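Good morning, colleagues, and thank you for the time. I would ask you to keep the structure on the screen in view while I speak.

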Amino acid sequence: MPPYYEDLSPGTGRRPPRAAFASDAGRLDLSGTWLFRLSPTAEGAPLDFLGPGDPGPGFTELPVPSHWVLHGHGTPRYTNTAYPFPIDPPHVPDENPTGDHRLVFHLPAGWRGPGSVLRFEGVDSCFRVWLNGRSLGTSKGSRLPAEFDAGAALRPGANVLAVRVHRWSSGSYLEDQDMWWLPGIFREVTLLERPEGGIGDFFVHAGFDPTTGRGTLRVDTDAPALLTVPELGVADLPPGRELVLPAVEPWTAETPRRYEARLATPAECVTLHLGFRTVSIEGGLLRVNGTPLLLRGVNRHEHDPDHGRALSPATMREDLLLMKRHNVNAVRTSHYPPHPAFLDLCDELGMWVVDECDIETHGFIHAGWRGNPADDPAWEPMLLDRMRRMVERDKNHPSVIVWSLGNESHHGRNFGVLAEWTRARDPGRPLHYERDRSYRHSDFYSLMYAPVAEVERIGRREEEAPPETAGDPALEERRRALPFLLCEYAHAMGNGPGSLAAYQRAFEAHPRLQGGFVWEWIDHGFRRRTADGREYFAYGGDFGDHPHGGNFCIDGLVFPDRTPSPGLTELKKVFQPLAMELSGDRLRLTNRHAFADLSHLRLSWTLEDEGVPVAGGGLPAPAVPPGQAAEVPMPRLPATAGEGLLTVRAELAADQPWAPAGHEVAWEQFPVSPAPAAAPAPPSAGARRRGGEVLLGGAVFDARTGLLRALGPLRLRGPRLDVWRAPTDNDRGMGPHSVARDWRRAGLDRMEHRTEAVEPGPGGLRVHTRVAAAGFERALRVRYSWSAHGDALRLAVHVLPEGPWEELPLPRLGVGLELPAEFGHVRWFGRGPGEAYPDSSKAARVGLFDSSVAGLQTPYVVPQENGHRAEVRWAEFRGPCRLRVEGEGHFGFTARRWTAADLDAAAHPTDLVERDRLFVNLDHAQHGLGSASCGPGPLPEHRLEPAETRFALLFRALPAESAG
Ligand code: IPT
């Protein structure tokens with residue numbers, strides 16, 4: 001007989017799964033300080049802590065819930081697909097860290113002991129439990145509840161609860177999600193009174209018929225319990241009887257209307273919140289209350305930089321508030337059922353939820369999928385147990401609209417068993433499973449990381465049949481009729497993702513595309529400190545863990561501490577549920593909500609002249625119905641002297657549970673008058689040599705290299721061509737997509753400059769150079785043409801690629817220069833306030849901005865190219881004097897105290913050491929971001945192909961601005 005942690009039973013001694021609910025029966029939260037001891041193996045751990053006497057040696061204190069590896073006992077381990085132990089199912093290595101937990105608790109006076117239940121909300125990965133020395137049972141399935149009968153073992157007064165937790169178990173084979181392996185009792189443990197005649201389980205069915213406005217209500221329960229909904233006048237509805245309510249307000253994620261209800265027997269009363277809604281798939285579309293949905297979703301793992309998956313209620317709420325404030329309307333609970341309180345919050349605040357089962361066997365890919373538990377009948381009970389525990393626990397949540405069978409487990413018969421059971425148990429929710437490309441067990445056609453072009457093809461119903469259905473017309477016909485979801489897309493690793501707007505355009509253009517879920521919500525980094533106390537976030541390998549998946553877990557829209565990344569800011573803009581278009585003096589408003597009209601928003605406008613507000617006011621906000629459009633007249637705008645931009649903002653008119661009044665939901669910017677064309681002044685001076693220098697107006701150049709050395713009082717190292725950027729995670733890419741590897745092979749990180757000619761003349765200075773990498777003939781010929789125009793110095797750059805450059809985009813194309821260290825501030829007119837790249841620029845509006853150099857940096861957990869400000873008209877770099885740069889046409893800039901090579905070499909932001917100057921890049925263009933760290937690279941239009949290029953910049957050294 002194998003030990004319980006290696007057998008194929010999901011557990012022993014457990015009670016049947018049931019709904020999570022709150023009642024007036026006694027509930028004792030056993031969270032707090034427990035005793036803990038770690039043993040290196042399961043076999044060698046003594047059972048000396050079960051009884052009332054002192055436990056054996058080696059125990060220290062540990063908070064519960066927690067993961068012991070985050071409290072100094074062993075280390076967290078991160079792997080993506082690889083199992084951190086040999087593929088030898090269902091066995092695990094002898095080295096199986098085993099944590100013994102012990103708590104003495106006191107039963108409150110008056111506790112109704114018989115029938116009491118011990119409930120564990122989540123224990124990773126397998127455990128056995130004893131109460132007062134009596135074994136109650138065992139369980140596997142880390143992110144799912146387990147209940148044990150405790151009544152017979154319970155005593156008045158002091159009770160000894162002992163829990164032995166094994167880091168590895170047969171269950172671990174089903175838990176190969178791309179995340180940290182974090183053992184422990186990481187969710188609450190409670191003791192529940194189960195009064196005789198109380199309520200064991202119930203299933204509320206609260207439907208809504210949009211054509212009549214009627215609600216239907218039925219509760220199935222194992223007790224003779226009666227349902228009362230005071231607000232609806234429902235009193236004592238018996239189980240199993242369906243009631244039709246003439247008028248109810250439906251629940252939707254946009255309008256999360258709930259009705260408080262009581263389900264009661266004489267012995268117990270449960271409080272619940274009903275949400276009336278009906279989920280269906282009709283006409284090939286996922287609908288709620290008859291209306292098709294567009295899911296603007298994210299994949300959410302549970303992660304906290306200090307506590308791992310032991311999340312506080314405040315952190316769960318913070319996630320939801322952040323999501324709602326960024327126009328996210330859907331969550332896929334990748335890849336396991338979340339803490340049950342999270343779903344309560346989704347019901348309350350409004351969120352569409354795809355609830356995913358705790359099943360992933362991804363590591364079998366490294367064994368050619370041989371022995372995959374998903375396809376082995378011997379594993380069926382364990383898989384089915386997980387599905388049942390999820391469905392039973394979460395079935396009463398209106399927010400849960402789809403059940404997902406799991407993630408990345410290839411395919412197999414057991415999914416058929418799960419699907420069949422679930423359909424029978426809950427016909428009211430469709431099923432999702434992505435990896436079985438026959439989709440026989442899924443009600444969605446679903447993919448991950450498909451490129452925009454493929455998604456569009458699917459939208460037009462022009463996709464090819466997957467091989468799994470190609471030979472089976474009936475199956476293929478079924479698949480073709482399914483609604484489409486991208487269960488993962490836009491890999492938000494490091495700087496990125498790009499192309500969010502392009503995906504959204506596709507989703508909005510084709511009804512069959514019902515949206516998707518960005519991968520992923522949060523960077524799974526752990527807070528650590530350097531020896532000298534500076535904080536950083538650790539990732540795979542930083543704990544000496546091996547094998548490890550490096551920083552592949554740092555792929556979220558928020559940083560580990562939940563600071564929104566630029567990617568989330570971009571997502572908010574792209575997801576905004578209100579589209580605005582200006583045509584003439586009319587503003588067209590398209591309401592992209594599915595259920596809410598626009599009456600919760602108020603509109604305002606601002607006219608800016610060269611970034612300075614000159615006029616503004618409110619606008620009437622019509623209550624445009626969901627999915628419809630209306631026009632409002634715009635006031636007559638005054639003329640602007642310079643570039644005029646109109647910005648229209650929509651903000652919350654009143655406080656919402658998820659954001660205060662004034663929170664900006666949507667905005668749009670419209671150019672209303674172009675920048676006046678400045679007639680180029682004729683050159684005011686010629687260039688002449690003086691010793692080793694060339695003088696031109698107020699500028700001094702090195703006569704040998706042609707580089708600018710001084711401009712008036714300002715000493716600098718002159719601009720010269722720069723094509724390199726510190727590769728982003730998306731540049732590094734995964735698999736075949738590594739453009740960064742191509743760049744390095746081509747030597748773009750080590751370009752050398754050869755000055756061919758420095759030619760002063762009456763019209764200015766011409767410098768000819770050839771820029772190329774050692775070992776290669778391909779080059780960029782660069783001509784710098786400098787001319788003086790009063791106090792301004794103009795630089796026109798001409799770049800001509802030479803030799804074979806095929807298929808090799810440039811990271812960036814522009815010039816780099818160095819300023820003295822005292823330059824620490826930038827003011828600019830262009831896109832801001834945040835960074836922007838060609839395929840991630842919607843969130844940055846055009847305006848006048850100001851930042852310290854430190855404030856320009858985005859602290860990606862792994863340093864990489866960042867902080868680029870785009871479509872800049874002019875910028876002033878400020879120090880003892882000002883260097884003003886104006887573009888003839890727009891340019892971009894970065895300014896930092898380290899080089900691209902420094903950024904490239906750093907593993908954590910704390911590795912970056914400030915140098916003695918400011919490194920400024922003035923870019924004509926940057927390569928897009930894409931999301932090739934797992935998925936497609938930038939779209940063709942956002943690739944920076946080498947081509948003959950001309951751009952021009954105007955430089956001025958100006959005195960520092962006087963205060964005030
Ligand atoms: C997909 C996984 O489902 C997800 O958990 C995560 O690992 C993501 O990739 C990458 O971060 S798997 C897919 C790339 C085959």
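**Ligand site, helix pair and backbone**

I begin with His335, which is located in the loop between strand S28 (330-332) and H2. Please bear in mind throughout that this is a predicted model. The peptide bond that joins Ser334 to His335 is cis, and its omega is about -15 degrees.

His335 also takes us to the ligand. Which residues come nearest to the ligand? Of the 14 residues around it, they are Asp178, His335, Asn407, Glu488 and His491. For His335, a polar side-chain atom is placed 2.6 Å from an oxygen atom of the ligand. In the case of Asp178, an N or O atom of the side chain is 2.5 Å from a ligand oxygen atom. Asp555 contributes as well, with a polar side-chain atom 3.1 Å from an oxygen atom of the ligand. As for exposure, the ligand taken alone exposes 380 Å², and the protein buries 89% of that. By class, the shell around the ligand comprises five nonpolar, five polar and four charged residues.

Two packed helices are described by the angle between their axes and the distance between the axes. Here, helix H1 (residues 313-325) and helix H2 (residues 340-349) have axes that come within 10 Å and cross at roughly 35 degrees. The crossing of H1 past H2 is right-handed. On the side of H1, the contact is made by Pro313, Met316, Arg317, Leu320, Leu321 and Lys324. H2 supplies Ala341, Phe342, Leu345, Cys346, Glu348 and Leu349. What is the make-up of this contact by class? Between H1 and H2 there are nine nonpolar, no polar and three charged residues.

I close with two further points on the backbone. A cis peptide bond also runs from Trp519 to Glu520, with omega near 0 degrees. Glu520 belongs to the loop between strand S34 (513-518) and strand S35 (526-529). Finally, His410, a residue other than glycine, has a positive phi, near 60 degrees. The position of His410 is in the loop between strand S30 (400-404) and helix H4 (413-425).

Conventions
Residues are numbered from 1 along each chain as its sequence is written. This is a predicted model: local features need pLDDT of at least 70, side-chain atom pairs count only at pLDDT 80 or more; totals for chains, interfaces and linings use all residues. Side-chain values use heavy atoms; hydrogens and water are left out. A residue is near a molecule or strand if one of its heavy atoms lies within 4 Å of it. A polar contact is a pair of N or O atoms within 3.5 Å; within protein, one must be able to donate a hydrogen and the other to accept it, and residues adjacent in sequence count only if both atoms are side-chain atoms. Accessible areas come from the Shrake-Rupley method with a 1.4 Å probe; for residues, only the protein chains shown count as cover. Ala, Val, Leu, Ile, Met, Phe, Trp, Tyr, Cys and Pro count as nonpolar, Asp, Glu, Lys and Arg as charged, and the others, Gly among them, as polar. Axes are lines fitted to C-alpha atoms, for helices over the stretch in contact, and angles run from 0 to 180 degrees between N-to-C directions. Helices (H or I, at least four residues) and strands (E, at least two) are DSSP runs, numbered from the N terminus. A crossing is left-handed if the near helix is turned anticlockwise from the far one by less than a right angle, and right-handed if clockwise. Contact means heavy atoms within 4.5 Å.
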